[in-house]
Structures are given as C-alpha cells and as structure tokens.
There are 2 protein chains.
Amino acid sequence: MTKALERREKLRADLILAAERMIATRGLAGLKTRDLAREIGCANGAVYNLVADVDELVLRVGSRTLLRLDQALSAAVRAGNPSPQETLVRIAIAYCDFAAENLELWRAMFEHRMEPDKDVPDWSVDDQMQLFRHIYAPLAALFPKRGTEELGITARSLFSAVHGMVALGLEQRLVAVPLPALRKEIAILVRAMIDGLMARAAQGPRENS
Amino acid sequence: MTKALERREKLRADLILAAERMIATRGLAGLKTRDLAREIGCANGAVYNLVADVDELVLRVGSRTLLRLDQALSAAVRAGNPSPQETLVRIAIAYCDFAAENLELWRAMFEHRMEPDKDVPDWSVDDQMQLFRHIYAPLAALFPKRGTEELGITARSLFSAVHGMVALGLEQRLVAVPLPALRKEIAILVRAMIDGLMARAAQGPRENS
DNA sequence: CAGCAACCTTGAACATCGTTCAATAATTAT
DNA sequence: ATAATTATTGAACGATGTTCAAGGTTGCTG
C-alpha cells in the first residue's frame, strides 16, 4: 500500500514540475497533457490519476508561482528599512521584476479561466489573499487613522493599479516598453498615489476638486 | 460579379455580428466556428472565405468594441466641462462602467492571444492607440511643461493603472467588489495620482522620499 | 442563348486536443 | 499461493479549428 502511494506522490510532484517548466517555456497555451505524460514517463490517461484535470494542474503551478512571488516581495521588504513609502515602491518594483523574470508563469495565473460553472477551490483563493499582507503593513503605518477594512480596500486598489501597469507594460501587443522605463514609471506613479492619498487624508474628507 | 461580392460582404458583416453576440453571451471561449456557421446560415468551411481565421474574427469584434468604448469615453468628456482633473476621473469611471456593461466583449480584447509567431495586424494596434488621446488632452492641460513624449508615457501609465483596478475589480475570482464601491475607489485613486503627480511636478525633480 | 472559365460553397476529412474507460498488470491482504 | 483490490494503460470518444477536392453558380463572350 505505502509503496504505491509513494510512487504516486512522486509522480504527482514530477507532473506539477513538468507542467511548470512547460508553461514557463511555451506559455499556458503550450501545456499539453500528452507531452506531460511523455515527460514524466507514463500513459496520457495516467495524468488523471494524479490530478483531476488540467484546471487543477494549472492552479497547482500557480500556487507555486504565488509562493515564489511572495518570497520575492518579502525579500524586497526586508532589504534595508526605509520609509513606508519607499517600502511600497520597492514592493511594486519587485512585483514588476518578478513578472518580467517569470513572464509566462505569471501570465498563466491571470490568463487561466476555470471551465464553466466550476469555480476556483478555496486553497487557491487563500494563496492569492496572502499577497496583500505585504502592502498592508506599510499602508497601516502611513494611515494610522484608517480601519482594517478601509486599509484592505486601499491595499487592493494599490495592488491592482500596479498590476495593471505591469500587465500592459510587459505586453508585446503595444509598443514594448523597455523594462527600466517601466520600473521608473511604476516608482513615479506609486509615489504619486501615496502622496495624493496622504494629502487628501491630511485635509480630511471634503468636496471634489 | 457585383451580386456575389455584395452577398459576401453581407455575410461577412453577419458573421462579425454573430461572433460579437456569441462572445457577449458565452465569453471568448464560447466562440465556435460551427455555431457561427449555423447562425449565419452557411457551411462551417465557408467561414474561411469571409475571414482568414478566428484570430481575425476576434480582432474584428475587438475593433467594434474599441469603437464603442471610444464613443463612451468621448461622451464622458463632453458631459459638462469641469476641471481637467475631474475630466480624467470621469474618463476612468466611464471606462469602468463600459467594462462592467460589456464585460465579456471587454475581456475578450485582453484575453485573446494570437496564435504563435503571428502578430497583431496594424489596423488593430492603431485602434488601440486612439484611446489614449482622451487622456492626453486633459493631461496636457495639467502639465503644460511636459513634452508630448513624456505626456504620452504618463497617459499610458494612468490608463494602465485604471485598467488594472477595473480588471481585478470585476474579476469574480477574488471577492466580488460591488460596482459602486469600485467606482468610488477608482475616483479616489485617480484624484490621488493626479494630485501626487502635480505636487511632485510643482516642486521639481529631486531626491526620493 | 449556349458554352465556358472563373469563382464560390459545400461538407466530409484531418489533426489535435482533453478526457474516459474497459482491459490488463501490479500490488496488497488473507 | 491465491484471491481481492487497486493502479496503469492506451485505444477510443467527442470537440474543435482548419483544409480541400468535388460540385454548383455566376458572369462574360460569341
């Protein structure tokens, strides 16, 4: 009993690693079950003993990517201990760099759509939520008056904005933006967003202008 | 000769409209050539007399969507004539509303990937570039000192940031953000970005902080 | 109007997917 | 050792985008 299960788990790990390599080199669209089976040395049908379907496989790879991203962001926060503002800038740049260095794996996380009427399992959404905590701490230092919920919303807004810049910036579709230029633009806009948010917070809620 | 060509063009228009309806109701992944052929009343193979492949079809639908988006943004700019800041906020909100009301068509533009080694035709990239002009004008009013190239970069950064907020905000994947809340968040962040950019422009280039 | 060439349309066929499943092999329990 | 359970296989299924030879239409010409 134990022998069979061990082998199974080993194969499962191999499968996920092979899928990761395949996505990294050929993109999400280049992930093929038959190629995976050949790579890990089993029949194509056997893939479905290790994993329910390709959706799960992609999610498992995404989980690993998310973990590495988390580590990259942690490292960015740890380096030096500058102001909360600059910490947020560093996180944004680190996000940009990670996306550039892991382009296809990073894209796969956002390109992938579950097959109709089946939704993302809990363990996968939990993974994603973890990311915001890096942004949350510096933000809390900058806006001590705000409650946890409000901070959470601001954190998601900031993340989304930076994500958008990275996503469209790394797209080949439009004129390719050179990476250094993109990093600079991100730094400028993150500083601007924080400055702007703090200025408005300082003078309190009021009419538009 | 003319009769045949007329029919062809009519069918072609029907095809694109049918594809548009199909993407709108079933998403990009729900676009099937056989269903399209049945809908416009021709053999499945005939689709390839009207269009080179599905890539072109999706791009043609995208072109129409982009045109309607352009009109929506134009209308947002035209309504009243507030400050350039508030014009930019209106554009961002209009972008958000358009995406929400045309969710699948809007998503299709960004989800679609050309098949390998074939790249987006010129007429399609031109369509996309047109969008920035809405952002460009108010920005130019706010930053008279900046050159056209610098303004173009800032415009793209702003657009990308708002796009990110809309894209992740409308995603069901994470906790669904109610639309009014999303609109409010976008308005807040756009104002903050502009405030922050202007503040830094006013005191001129300098060290970080 | 008849004949002919150019073009169009058709739908069957092909290649490639993800996925399933009955048959076979391997492993475990008795 | 033998039976029972479980795992693995690879052929087959159903979709799907795309192609193409066969047959049908159209429009020009004598």
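In the predicted model, eight residues of domain 1 of chain A are in contact with seven residues of domain 2 of chain A. The domain assignment places residues 1-51 of chain A in domain 1 and residues 61-202 in domain 2. The C-alpha centres of domain 1 and domain 2 of chain A are separated by 30 Å. Between domain 1 and domain 2 of chain A, about 730 Å² is buried, and carbon and sulfur atoms give 71% of that area. On the side of domain 1, the residues that lose the most area to domain 2 of chain A are A:Glu20, A:Ile23 and A:Leu28, which together make up 65% of what that side buries.

One salt bridge is found across the interface of domain 1 and domain 2 of chain A. A salt bridge joins the side chains of A:Glu20 and A:Arg64, with an N to O distance of 2.7 Å. A:Glu20 is also one of the three residues of domain 1 of chain A that lose the most area to domain 2. Polar contact across the interface of domain 1 and domain 2 of chain A is found for one residue pair, both residues being at pLDDT 80 or more. The side of domain 1 of chain A that touches domain 2 consists, by class, of six nonpolar residues, one polar residue and one charged residue.

Chain A as a whole contains 10 helices and zero strands. Read from the N terminus, its elements follow the order α-α-α-α-α-α-α-α-α-α. The C-alpha trace of chain A extends over about 65 × 40 × 40 Å along its principal axes. Chain A has 209 residues, of which 50% count as buried. Among the contacts in chain A with a separation of 6 or more, 69% are between residues 24 or more positions apart.

The contact between the two chains takes 38 residues from chain A and 37 residues from chain B. The size of an interface is often expressed as the accessible area lost when the parts come together. For chain B and chain A, the buried area is about 3600 Å², with 62% of it on carbon and sulfur atoms.

Six salt bridges are counted between chain B and chain A. In one salt bridge, B:Glu111 is paired with A:Arg113, and the closest N and O atoms are 2.8 Å apart. The polar contacts between chain B and chain A amount to eight residue pairs, with both residues of a pair at pLDDT 80 or more. On the side of chain B that touches chain A, the elements giving two or more residues are α6 (103-111), α7 (122-130), α9 (148-170) and α10 (179-202) of chain B. By class, this side of chain B comprises 18 nonpolar, nine polar and 10 charged residues.

Helix α10 of chain B includes B:Arg200. B:Arg200 counts as buried because its relative accessible area is 16%, below the cut-off of 20%. The side chain of B:Arg200 is joined to that of A:Asp195 by a polar contact of 2.8 Å. Helix α10 of chain B (179-202) is also among the elements that give two or more residues to the side of chain B touching chain A.

Terms used
Residues are numbered from 1 along each chain as its sequence is written. Chains are lettered from A and ligands numbered from 1 in the order in which they are written. This is a predicted model: local features need pLDDT of at least 70, side-chain atom pairs count only at pLDDT 80 or more; totals for chains, interfaces and linings use all residues. Side-chain values use heavy atoms; hydrogens and water are left out. Domain bounds come from an automatic or database domain assignment. Contact means heavy atoms within 4.5 Å. Buried area is the accessible area (1.4 Å probe) that two parts lose on being put together, summed over both. A salt bridge is a side-chain nitrogen of Lys or Arg within 4 Å of a carboxyl oxygen of Asp or Glu. A polar contact is a pair of N or O atoms within 3.5 Å; within protein, one must be able to donate a hydrogen and the other to accept it, and residues adjacent in sequence count only if both atoms are side-chain atoms. Ala, Val, Leu, Ile, Met, Phe, Trp, Tyr, Cys and Pro count as nonpolar, Asp, Glu, Lys and Arg as charged, and the others, Gly among them, as polar. Helices (H or I, at least four residues) and strands (E, at least two) are DSSP runs, numbered from the N terminus. Buried means under 20% relative accessible area, exposed over 50%, partly exposed in between (1.4 Å probe, protein chains only).
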